[in-house]
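Subject: Handing over the structure

Hi,

Here is the structure I said I would pass on. Have a look at it first, and then read on for what turned up.

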Amino acid sequence: MRSIRICVLGAGAVGKSSITVRFVHGSFYENYDPTIEDSFTKLAEIDGKTHRLQITDTAGVEQMMTLRESVIRESHAFLLVFALDNPSTFNDLLPIVEDIKRIKDTDGIRRIPVLLCGNKVDLGFERVFPSNFQPSGVFKGVKYLETSAKLKIGIEEAFLDLAKIYMDQRRVR
Ligand code: GDP
Ligand code: MG
């Protein structure tokens with residue numbers, strides 16, 4: 001069985017832990033400890049084969065640069081999360097993308113298995129991104145999904161699509 005190491009990255013409070021715990025345990029906690037960085041395992045079927053998804057839910061962006069560096073180096077695929085009610089969390093992904101590019105030694109993020117996730121889609125009118133939002137710039141061509149850990153929208157899809165993107169990129173390499 002192949003292990004696919006997935007890293008969940010993004011600013012604080014965008015819902016990284018909620019998305020991860022929703023996917024792995026099927027539950028939602030209003031108050032997940034924001035300081036916890038933890039790894040989870042879940043089996044998933046991709047193109048008819050079972051794979052082991054090893055998911056690292058990161059915590060703290062600025063404080064733990066060296067920790068983040070080693071997690072990025074060891075990960076195969078990246079779930080980049082921002083919150084649809086907080087535009088600065090989208091910008092917070094830009095230095096993270098630069099880190100991934102540097103550590104993985106590539107000039108284009110599309111060469112790396114990445115999925116962009118706009119979380120908290122359940123907030124409806126509180127969202128500041130238009131409902132037809134399509135990421136451009138460094139995210140052009142990157143798969144984008146809107147999710148809600150709270151209402152269980154798009155969560156399975158996000159992890160399974162990302163794992164599939166990884167498997168597909170491996171195949172052509
Ligand atoms: P993290 O710091 O990125 O790991 O974020 P958390 O998972 O701890 O979530 C931060 C806050 O956002 C918590 O109060 C969560 O309950 C809330 N939250 C997470 N996901 C969602 C969501 O999909 N919708 C809503 N409305 N709130 C969410
Ligand atoms: Mg967290």
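A term to start with: a polar contact is a pair of N or O atoms within 3.5 Å; within protein, one must be able to donate a hydrogen and the other to accept it, and residues adjacent in sequence count only if both atoms are side-chain atoms. One such polar contact, of 2.8 Å, joins the side chains of Ser148 and Asp122.

Some housekeeping. This is a predicted model, in which local features need pLDDT of at least 70 and side-chain atom pairs count only at pLDDT 80 or more, while totals for chains, interfaces and linings use all residues. Residues are numbered from 1 along each chain as its sequence is written, chains are lettered from A and ligands numbered from 1 in the order in which they are written, and side-chain values use heavy atoms, with hydrogens and water left out.

The sheet

Helices (H or I, at least four residues) and strands (E, at least two) are DSSP runs, numbered from the N terminus. Two strands pair if DSSP finds at least two bridges between them. Six strands form an open sheet here, in the order S2-S3-S1-S4-S5-S6, with mixed pairing. Strand S2 (38-46) and strand S6 (143-147) stand at the edges, each with a single partner strand, so one side of each has no neighbour in the sheet. From one strand to the next, the twist averages 25°; angles run from 0 to 180 degrees between N-to-C directions, and axes are lines fitted to C-alpha atoms, for helices over the stretch in contact.

Let's walk across it from the S2 side. S2 and S3 run antiparallel and are joined by nine bridges, and the bridge partner of Lys42 in S3 is Leu53. The hairpin of S2 and S3 has two residues between the strands, and Asp47 takes a positive phi near 50° there. S1 and S3 pair in the parallel sense over seven bridges, with Arg5 opposite Gln54 in S3. S1 and S4 also run parallel, joined by five bridges, and Val8 stands opposite Leu79 in S4. Next, six bridges join S4 to S5 in parallel, where Leu79 has Leu115 of S5 as its bridge partner. Finally, strand S5 (residues 114-119) runs parallel to S6, with five bridges between them, and Cys117 stands opposite Leu145 in S6.

How many residues of S4 are buried? Seven of the seven are, so S4 is largely enclosed by the rest of the structure. (Buried means under 20% relative accessible area, exposed over 50%, partly exposed in between, with a 1.4 Å probe and protein chains only.) In a regular strand the side chains alternate between the two faces of the sheet. Both faces of S4 are covered, with Ala77, Leu79, Val81 and Ala83 buried on one side and Phe78, Leu80 and Phe82 on the other.

The helices

H5 lies across strand S1 (2-10), S2, strand S3 (49-57), strand S4 (77-83), S5 and S6, and runs at about 125° to S1. H1 and H5 pack at an angle of about 90°, their axes 9 Å apart. The two helices are therefore roughly perpendicular to each other (65 to 115 degrees counts as that, under 35 as roughly parallel, over 145 as roughly antiparallel and the rest as oblique). Ile19, Thr20, Arg22 and Phe23 of H1 make the contact with Ile155, Glu156, Phe159 and Leu160 of H5; contact means heavy atoms within 4.5 Å.

Thr20 is found in helix H1 (residues 16-25) and is buried, at a relative accessible area of 0%. Its side chain reaches the backbone oxygen of Lys16 at 2.8 Å. Leaving out residues up to four places away in sequence, Thr20 touches Val8, Phe40, Ile55, Asp57 and Phe159.

Tyr166 lies in helix H5 (residues 155-172) and is buried too, with a relative accessible area of 6%. Tyr166 and Ile4 are 162 residues apart in sequence, yet 8.1 Å apart in space, C-alpha to C-alpha.

Then back to Ser148, which is found in the loop between S6 and H5. Is Ser148 buried or exposed? At 0% relative accessibility, Ser148 counts as buried.

Cheers
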